[in-house]
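I opened my notebook to look up a few things in one protein model. Here is what I had on screen while I wrote.

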Amino acid sequence: MPVSVMSVFGTRPEAIKMLPLAKRIAATRGLAGKIVLTAQHREMLDQVMAVFGAAADYDLNLMRPGQTLSSITADVITGFTEILTRDRPDLVLVHGDTTTSFAAALAAFYQQIPVGHVEAGLRTHNLYSPFSEEANRSLTARLATLHFAPTARSVQNLARENVTAHVHQTGNTVIDAFATTMREGYRFKSGQLRGIDLSAGRTILLTAHRRENLGKHLRQIFRAVLEIANRFPDIQIIYPVHKNPAVMEPARELLGAHPRIHLIDPVDVEDLHNLLGRIDLVLTDSGGLQEEAPALGKPVLVLRTETERPEAVEAGVVRVAGVDTADIIKAAHLLLTDNAAYLQMSRALNPYGDGHASERICNAILEFFNAR
């Protein structure tokens with residue numbers, strides 16, 4: 001009998017990183033996979049599923065207006081427990097640091113089903129930053145049996161917490177996703193992107209929506225972006241704006257009137273990855289873009305005070321610019337005026353792997369169950 005593996009995820013970033021693995025599981029002899037969606041996020045999750053041509057075996061469809069971390073946690077545990085009692089897998093796979101991941105891992109633990117943690121071992125060592133992700137990934141590590149760490153630093157972080165059994169350094173599955181999403185001659189699906197001339201000077205991609213940046217920090221970031229656009233007339237900035245009103249309203253207020261700052265709707269993963277291949281610089285408070293952009297030779301300035309991906313900083317592909325307006329302007333100014341500094345970042349070696357992380361994870365799962 002094949003090993004039955006149930007992959008659980010609920011947000012767009014999880015889906016981008018888990019679907020290449022789900023595809024590999026389906027193609028691996030000795031493994032049988034099923035997909036469970038919690039739909040902690042709905043619309044953007046469905047976009048990624050469509051891009052990968054994937055279908056869910058179970059969909060909890062939990063997204064509700066006004067949902068809280070507590071309500072998501074309770075709903076995932078309750079809903080996923082019902083699935084586990086009906087269709088008991090040999091292994092549950094969760095990803096990274098979402099509320100879905102922690103709650104699903106806890107539900108599997110209560111059923112005494114082994115948990116595999118994909119993208120294990122990332123740490124800022126500040127329990128409240130990012131919130132609630134740092135707590136989620138740390139707690140998931142305590143519940144997991146198999147740990148699939150993307151880098152040597154992630155392995156070391158786990159070892160410091162006395163997590164050393166069944167730890168595998170695999171690379172990051174997000175690099176595997178490029179095999180599905182990136183294409184020569186790609187035409188954007190977004191009409192807004194098609195309307196932007198990417199050959200007109202240099203282009204910066206901005207993403208900013210993280211919970212801990214909402215309010216004062218987000219306004220500081222936007223003021224820096226506005227100043228960068230004003231200083232460099234050959235620069236245009238593309239900002240897919242998160243639908244959260246706490247992001248949309250200050251974005252429109254501070255950035256909406258500038259002719260070279262394009263506020264567009266969120267784009268799907270195919271558009272995003274192919275856009276990354278055509279721009280010059282990334283400003284982001286996202287985690288995933290710190291891994292994706294360097295794989296395509298694009299320097300990244302992180303709009304946060306710390307990162308759980310320090311290996312990217314050490315490799316020279318990412319710099320932490322912070323959330324202070326002057327600091328962000330200074331960091332961007334250097335890369336936009338110093339060609340040597342730009343080339344040093346764009347040509348540095350990406351630490352997140354070679355596009356074969358999913359294969360390594362499948363091999364580790366087979367090895368674990370064969371040994372048992």
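My entries below go from the inside of the model to its surface, its rings and its charged pairs.

**Ground rules.** I am working with a predicted model, in which local features need pLDDT of at least 70 and side-chain atom pairs count only at pLDDT 80 or more, while totals for chains, interfaces and linings use all residues. Residues are numbered from 1 along each chain as its sequence is written, and side-chain values use heavy atoms, with hydrogens and water left out.

**Entry 1: the cores.** I looked up the largest nonpolar core and found 59 residues, of which F9, L93 and I365 touch the most other members. Such a core is a set of buried Ala, Val, Leu, Ile, Met, Phe, Trp, Tyr and Cys residues joined through side-chain atoms within 4.5 Å. Here buried means under 20% relative accessible area, exposed means over 50%, and partly exposed lies in between (1.4 Å probe, protein chains only).

I then picked L93 and listed its contacts (heavy atoms within 4.5 Å). Leaving aside neighbours within four places in sequence, L93 touches, among others, V5, M18, F148 and I365.

**Entry 2: T28.** Is T28 buried or exposed? I found T28 buried, because its relative accessible area is 14%. T28 sits in the loop between α1 (12-27) and β2 (31-37). Helices (H or I, at least four residues) and strands (E, at least two) are DSSP runs, numbered from the N terminus. Beyond its neighbours within four places in sequence, T28 is in contact with C362 and L366.

**Entry 3: a surface patch.** I found that L127, Y128 and F131 make a nonpolar surface patch of about 340 Å². Patch residues have over 30% relative accessible area and no salt bridge; like charges are joined within 9 Å and nonpolar side chains (Val, Leu, Ile, Met, Phe, Trp, Tyr) within 5 Å. The areas come from the Shrake-Rupley method with a 1.4 Å probe, and for residues only the protein chains shown count as cover. F131 lies in the loop between β5 (115-118) and α5 (133-143), and is partly exposed at 33% relative accessibility.

**Entry 4: ring pairs.** How many aromatic pairs are there? The count is five. Rings of Phe, Tyr and Trp (its six-membered ring) pair if their centres lie within 6.5 Å; planes under 30 degrees apart are stacked, over 60 edge-to-face, and the rest tilted. F109 and Y110 form a tilted pair, at 6.0 Å centre to centre and 45° between the planes. The pair of F368 and F369 is edge-to-face, because the planes are at 90°, with the centres 5.1 Å apart. F368 is buried at 10%, and F369 is buried at 17%.

**Entry 5: salt bridges.** I counted 23 salt bridges, each a side-chain nitrogen of Lys or Arg within 4 Å of a carboxyl oxygen of Asp or Glu. In one of them, D268 meets K189 at 2.4 Å, N to O. D268 and K189 lie in two loops, so the pair ties together parts that are 79 residues apart in sequence. D268 is buried at 12%, whereas K189 is partly exposed at 43%.

R309 and E291 also form a salt bridge, at 2.5 Å from N to O, and both are buried. Bridges that share partners join residues into one network, including R309, E291, E308 and R210.
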